Amino acid sequence: MGWAIALHGGAGDIPVTLPPDRRIPREECLRHCLKIGVDAIEAGRSALDVVELVVRELENNPNFNAGRGSVLTSEGTVEMEASIMDGNTMRCGAVSGLTTVVNPISFARLVMEKTPHIYLGFDGAEQFARGLGVETMDPSHFITRENIERLENAKAANRVQIDYTQPIQKDPVKEVPRGDGPSGDSQIGTVGCVAVDMDGNLATATSTGGLVNKMVGRIGDTPIIGAGTYANHLCAVSATGKGESIIRGTVARDVAALMEFKGLSLLEAAAHVVKDRVPEGTVGLVAVSAKGEVTMPFNTTGMFRACATEDGYSEVAIWPLN
Amino acid sequence: MGGWAIAVHGGAGIDPDLPLSRQEEAKCLLSRCLQIGIDALRSSKPALDVVELVVRELETDPLFNSGRGAALTEKGVVEMEASIMDGSNRRCGAVSGLTTVKNPVSLARLVMEKSPHSYLAFSGAEEFARQQGVELADNEYFITEENRGMLALAKEANKILFDYRIPAPEPETCGASTEKPLQVMNGLPISIYTPETVGCVVVDGQGRCAAATSTGGLMNKMSGRIGDSPLIGSGTYACNLCGVSCTGEGEAIIRATLARDVAALMEYKGLGLKESVDLVIRERLDDGGLAGLIAVSRDGEVACGFNTNGLFRGIAKEDGTMEVSIWGQGLN
C-alpha cells in the first residue's frame, strides 16, 4: 500500500545517441514534473488533481508533444487532444481538435464535470471552452520552430508514404513514424500521468498534439477511453506510441481487464499487453495499481518516463535500464 | 465452426407507447436488412463487407437514427458518426462530426483502408470524403420532418440533464413517491429519445467476425459531442473471437468499454458468448446506465443483451433461425 506516481513524455524510436542538449532538458522536465506530483500527493491532494496538475505542467513545457510544443498537422496547424479518468467513479472526460485551449487536460476535466457528455471535439469543443472562460491563446502560441522544421522534414522525406490519395495495396502500413526530425529524436510523443493517492484513489491523464504531418481531423488513441487512457478501482494506465496499434489493442483497458478477468498482477498485465497485444516497436505505457505498485514497460527503443513510490523509490529514465 | 450468423439492431430503449404502425415499420426494415445480410452471406461475402452493406441500408432508410433520419444537434443540423472493425486482423476505422456524407459507415471503412489513420473527424473527415469521392448530400437530405418535431420537443423538455439518472422534479410528489414519473434515457423522455443508433455484427462461413455501428447521436446534443458509436472498444469491437455492436446511453457504454469487455471476458476469463454478454449488461453498466448490444462468436453463436425495456433487433443463422423482435428479454 501507499501512494505511487508515474509519468511519461512519449515512447518511440529515441536514438541512444540523442545529443545532451536534447536529452538533458527533457530529463529535467521529467524530474521537475515528478517533484510537482510527489509534492501534491504528499500534501494530500487527490489522484485526479495530481494527474491533472502534472499533465498541465508537461503541456506547458515545449519539449514534449502536448499543449505548447504540439506537433503540426499537414496544414501546419495544431490539433490537440487529451483525456482524463477517475478510477473510483469511472468518470471520464475527453477532448479532440483543440486549436486554442492552453491546457487540453484541464478542459477534458471540465467536460467530465460540467457537461452530461464525456467527449467533445473540434469547433463545438472550442466554443464550449470559450463559454466556460477556459484560458485560450492564439494558435501561434503552441507552434515551436522545431515543430515547423519537423513538419517540413516529414513532408520532404515521406511524401509517398503518407500520401493517402494514392491507391494502397494490401494492408497499408499505418502511422509509420515519419523519420527522425532535425534533432534526431522521436516524432511520436505524448504525455501522461497516472497516480494512486494516499487514500488509494486512482486516476490517469493523457495529452498530445498527435502525429507530425497528420491529416487534419485525425484522432489518435489519446482521447479514447480504453485505448490511450483508462482507470478503475484496480489500476490507472496511460499509453503512448502508435495510435493505430493502441486503439486496435485497447491497450489501457486491457491492462485492467487482465487484472480483473484473469487475476494477473499489475506488472504481469502491463508486460503481457506490451508484449502480446501490440506490435514490437510501437507502444509504451505507465501504470500504477491500487496497492501502490508502479510499472513502465515499452517495446520501443525508449520512453521518456519517471516514477516515484511512497517507500522512497524514484526513477527518471529514457532507455531500458541496465 | 458453426456456420454464419448475423445480428442487426436499431437501438435500445423504446417508448412503451410507440404506435403499432411504427413498430411494424421497424420490424419490416430490420427484416429487410437481415435478408440483405443473409443473401450476402449465402453468396460468400466476407463478414466485413456484410456489416458495411447492412449498415448502409439502415443509414439510407430514414426510420432509425443514422444517416438519413439522424438526430439533430441543438443547432438543428446532423453530426453523424460511425465505426467499423474487422475481427480477423483487428483493423478498424471511425468517423465523427459528418454533415454531408450519405453513408458514414462506408467512410469509416475508407479511413481504415485508404488513410494512414484510423479515426477522422469533422472538417478533416469531410475533406477526406470529398477526396475519396464518396456520395455526399446537402445537410437537408438527412433531416426529416419528424426529427424537427422531436428536436422542438427535446428543447421544450429542455434538456439533456446533467445527471441522467435524476428524473425531472415532479412538484406534486414531494420526493415521497418511489414511482418514476417519466421514463428517461440519455436525459430525455423516452418518447423523444427514440429512434436510435444502428449496428450489425456478422460471422461469415469462414469464422471471420466483423462489427459496424452508425448513429446521429443524441437529439439536441451539443455540437461536437462524440458518443460511444465511433469509439473502438466502446460502441464497436471485433476480434478473432467475436464481433460486438452496442447502443444506448453512450457515456455509460464508454465508461464500461462495453464492446471490448464482451470479447475480453471470452479471451481472459474463458466465458462463452452469451455468458459474456449477460455479464457485461448486468455488471459493467455503472450507475444504472441503460444499454443494449448484439454479438456473434466465431463459432456461429449469436446473442443479444439489454437492460432497457426493448431493443430493435433481428438475428439469423445458417441453420435457418431468423427472428425479428422489439420487446422482452435478450435472445439466446
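What share of the contacts in chain B with a separation of 6 or more is accounted for by residues 24 or more positions apart? In this predicted model, such residues account for 69% of those contacts. For chain A, among contacts between residues at least 6 apart in sequence, the part joining residues at least 24 apart is 69%.

Chain A contains 8 helices and 12 strands. Its radius of gyration is 18 Å, which agrees with the value near 20 Å that a compact globule of 322 residues would have. Along the principal axes, the C-alpha trace of chain A spans about 50 × 50 × 40 Å. Of the 322 residues in this chain, 65% are buried. The accessible surface of chain A comes to about 11000 Å², and carbon and sulfur atoms hold 50% of it. As for charge, chain A carries 29 positive and 40 negative side chains, with the centres of the two sets 4 Å apart.

Chain B is built with 10 helices and 15 strands. The radius of gyration of chain B is 18 Å, close to the 20 Å given by the globule rule for 332 residues, so chain B is as compact as a globular protein of that length. A box of roughly 60 × 45 × 35 Å, taken along the principal axes, is filled by the C-alpha atoms of chain B. Buried residues make up 64% of the 332 residues here. Chain B exposes about 11100 Å², with 49% supplied by carbon and sulfur atoms. There are 31 positive and 44 negative side chains in chain B, and the centres of these two sets lie 4 Å apart.

Strands of a sheet pair through backbone hydrogen bonds, either parallel or antiparallel. One open sheet has 9 strands with mixed pairing, in the order 12(A)-11(A)-1(A)-5(A)-6(A)-2(A)-3(A)-4(A)-9(B). At its edges stand strand 12 (314-317) of chain A and strand 9 of chain B; each has a single partner strand, so one side of each is left without a neighbour in the sheet. Within the sheet, strand 2 (residues 80-86) and strand 6 (residues 202-208) of chain A run antiparallel and are joined by 6 bridges. Among the bridge partners is Ser207(A) in strand 6 of chain A, which is paired with Ala82(A).

Leu231(B) is buried, with a relative accessible area of 1%. Leaving aside residues up to four places away in sequence, Leu231(B) touches Tyr119(A) and Ile224(A) in chain A, along with Tyr119(B), Ile226(B), Thr236(B) and Ile254(B) in chain B. The C-alpha atom of Leu231(B) is separated by 14 Å from that of Gly248(B), 17 residues apart along the chain.

Two further loop residues deserve a look for their backbone angles. Thr250(A), in the loop between helix 6 (243-248) and helix 7 (251-262) of chain A, has a phi near 35°, a positive value in a residue other than glycine. Thr250(A) counts as buried, at 3% relative accessibility. In chain B, Arg90(B) is found in the loop between strand 2 (80-86) and strand 3 (91-98). Arg90(B) has a positive phi of about 55°, although it is not a glycine.

Technical notes. Residues are numbered from 1 along each chain as its sequence is written. Chains are lettered from A and ligands numbered from 1 in the order in which they are written. This is a predicted model: local features need pLDDT of at least 70, side-chain atom pairs count only at pLDDT 80 or more; totals for chains, interfaces and linings use all residues. Side-chain values use heavy atoms; hydrogens and water are left out. Helices (H or I, at least four residues) and strands (E, at least two) are DSSP runs, numbered from the N terminus. The radius of gyration is taken over C-alpha atoms; the globule rule is 2.2 Å times the number of residues to the power 0.38. Buried means under 20% relative accessible area, exposed over 50%, partly exposed in between (1.4 Å probe, protein chains only). Contact means heavy atoms within 4.5 Å. Accessible areas come from the Shrake-Rupley method with a 1.4 Å probe; for residues, only the protein chains shown count as cover. Lys and Arg count as positive and Asp and Glu as negative; His and the chain ends are not counted. The place of a charge is taken as NZ of Lys, CZ of Arg, CG of Asp or CD of Glu. Two strands pair if DSSP finds at least two bridges between them.
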